[in-house]
Amino acid sequence: MNERWTDAAAEGMWRRAGMAWGLFAVPEEQLGVLGDVRGLDVLDLACGTGYVAAWLARAGARPVALDFSGEQLATARHLQARLGPYFPLVQADAERVPLADGHFDLIVSEHGAAAWCDPERWLPEAARLLRPGGRLAFLTNSNLSTLCVPAEGGVAEDRLLRGQREVHRVQWPGGGFEFHPSHGEWVRQLRRSGFVIEALHELYAPADGLDHPFYEIVSPEWATAWPAEELWVAALDR
């Protein structure tokens with residue numbers, strides 16, 4: 001995956017001036033999810049090629065970027081050397097993070113842990129890693145989009161093609177699986193891990209949105225009518 005797609009896209013993401021969320025690059029300044037990150041210890045959980053951590057570092061945060069993929073971290077390391085800034089890179093599973101309790105003020109996961117890790121495992125880990133009152137912001141595919149994607153893959157269609165209970169854990173035909181709990185299940189899992197939900201932002205495509213160059217999830221036409229992604233924001237209630 002990294003060799004075919006994300007490595008080639010990484011430099012453009014690292015060079016982007018400000019942080020943006022999701023398939024259609026909704027600006028953080030428009031959403032106002034993270035606020036002032038200057039001086040914060042931040043974990044970019046399931047960071048991919050590390051572009052979110054790079055944005056956060058340039059905004060004055062102290063990020064640590066963690067991912068399961070050594071290949072994507074190698075891309076991040078190359079871009080640190082080429083473009084800067086430098087920050088720690090950790091290869092690990094977001095369900096079993098080899099970092100100390102209570103080290104971070106903020107955890108961010110932009111299309112990372114939420115889709116590819118079991119919420120019963122990664123949310124308690126996120127809670128363990130946060131300081132009291134620390135915040136979690138994570139982006140994932142909308143539950144509705146997953147209900148509308150054909151079993152053989154491809155972009156979402158204009159009707160429901162799966163049952164609600166089928167998408168908690170979705171097996172894809174090419175191998176691998178993803179987790180897409182219902183809203184009620186996200187609420188239960190977040191509360192069980194000690195979080196208070198602050199916001200749920202539903203992200204749509206802009207009127208002039210274009211097809212994503214390599215992720216087949218939704219078309220721009222679909223995503224102007226229905227939310228393509230969900231951005232959850234929660235704070236640790238202790």
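Two strands count as paired if DSSP finds at least two bridges between them. Helices (H or I, at least four residues) and strands (E, at least two) are DSSP runs, numbered from the N terminus. With that in hand, strand β3, residues 41–45, is joined to β6 by three bridges, and the two run parallel.

Some housekeeping. This is a predicted model, in which local features need pLDDT of at least 70 and side-chain atom pairs count only at pLDDT 80 or more, while totals for chains, interfaces and linings use all residues. Residues are numbered from 1 along each chain as its sequence is written, and side-chain values use heavy atoms, with hydrogens and water left out.

The overall picture next. The protein has nine helices and 11 strands. Its radius of gyration, taken over C-alpha atoms, is 17 Å, close to the 18 Å from the globule rule for 238 residues, so the protein is as compact as a globular protein of that length. That rule is 2.2 Å times the number of residues to the power 0.38. The C-alpha trace spans about 45 × 40 × 35 Å along its principal axes. Of the 238 residues, 52% count as buried; buried means under 20% relative accessible area, exposed over 50%, and partly exposed in between, with a 1.4 Å probe and protein chains only.

A contact means heavy atoms within 4.5 Å. Among contacts between residues at least 6 apart in sequence, 69% join residues at least 24 apart.

Back to the strands. How many of the seven residues of β6 are buried? Six are, so β6 is largely enclosed by the rest of the structure.

Now a helix. Seven of the eight residues of α3, residues 51–58, are buried, so this helix too is largely enclosed by the rest of the structure. The buried residues are Y51, V52, A53, A54, W55, L56 and A57. Just after α3, G60 takes a positive phi of about 105 degrees.

On to backbone geometry. Most residues other than glycine have a negative phi, and most peptide bonds are trans. H111 has a positive phi, near 55 degrees, and is not a glycine. H111 sits in the loop between β6 (104–110) and α5 (113–116). A25 is another non-glycine residue with a positive phi, of about 50 degrees. A25 lies in the loop between β1 (20–21) and β2 (26–27), and is partly exposed, with a relative accessible area of 28%. The peptide bond joining G84 and P85 is cis, with omega about 0 degrees. P85 belongs to the loop between α4 (70–83) and β5 (89–91).

The loop in question runs between α7 (143–148) and β8 (169–171). Leaving aside residues up to four places away in sequence, V167 touches N143, T146, L147, R162, F179, H180 and P181. For P181, 14 residues along the chain from V167, the C-alpha separation is 6.6 Å.
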